[in-house]
Amino acid sequence: MPNPRTLGGTRDALSKVERRSPLSLWGPVVLQMAIIFGASSIPNLGKLPGGISDKSGHSIGYALLAALFLRAFARGRLRDVTWRRASAAVILATLYGVSDEFHQVFVPGRSADRYDVLADCIGATLGVAVGWLAGAARRWGILDSSS
C-alpha cells in the first residue's frame with residue numbers, strides 16, 4: 001500500500017507545476033520584448049558581438065520571443081503545445097517585429113527595414129518549430145517525462 005504522506009507530497013509537487021503563475025509564464029515574454037525594445041532604441045547601433053550579422057541577430061531575438069510566447073500560451077507544458085498556439089506565437093512575435101521597425105523610424109541613425117521583419121518572422125517560425133517538435137515528441141512518447 002502506498003504511503004499517503006508520499007502520495008500527498010507528490011500530488012502537492014505536481015499541483016505546483018500545474019499552477020504556474022501568470023508572472024512566471026508572461027514575465028519572460030515581457031522581458032524579451034523589453035530587451036528588443038531597448039536594443040532598438042540605441043542610436044547608430046554598431047556591429048553585434050561575435051560577428052553575428054544583423055539579420056541573424058533579428059532571427060535569434062525573435063526565435064526566443066516566439067518560443068517564450070508559445071511557452072506562455074501552453075502554460076509551460078509541452079503537452080499543451082498545439083498548432084493554434086504555435087501559429088499565434090509566430091504571428092504575435094512577427095507583429096512585434098513590425099512595431100519594432102516602426103519604432104526605429106523615430107530613433108536617430110535607425111530606420112525601418114522590411115528585411116528585418118522577414119528575419120524576425122523566419123526566426124519566430126524556427127523558434128516555434130523547435131517548441132512544437134518538442135511537444136510532438138512528448139505526445140509521441142519520444143520524450144518521456146518519467147525518465
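1. A pocket, as the word is used here, is an open set of points on a 1 Å grid over the protein atoms alone, where a 1.4 Å probe fits, with protein on both sides within 12 Å along at least five of seven lines, and its lining residues have an atom within 4 Å of a point. The model is predicted, so that local features need pLDDT of at least 70 and side-chain atom pairs count only at pLDDT 80 or more, whereas totals for chains, interfaces and linings use all residues. Residues are numbered from 1 along each chain as its sequence is written, and side-chain values use heavy atoms, without hydrogens and water.

2. The largest pocket has a volume of about 530 Å³, a volume being the space filled by probe spheres set on grid points that are joined across faces, edges and corners. Its lining has 22 residues, of which Ala-39, Leu-45, Leu-48, Gly-57 and His-58 are the closest to the centre.

3. At least two lining residues of the largest pocket come from each of α2 (22–40), α3 (54–73) and α4 (83–104), and α3 gives the most, with 7 residues; helices are DSSP runs of H or I, at least four residues, numbered from the N terminus. By class, this lining has 9 nonpolar, 7 polar and 6 charged residues, where Asp, Glu, Lys and Arg count as charged, Ala, Val, Leu, Ile, Met, Phe, Trp, Tyr, Cys and Pro as nonpolar, and the others, Gly among them, as polar.

4. The second largest pocket holds about 160 Å³ of space, and its lining includes Leu-64, Arg-71, Arg-77, Val-81, Gly-127 and Gly-131. Two or more of the lining residues come from each of α3 and α5 (114–139), with the largest share, 5 residues, from α3.
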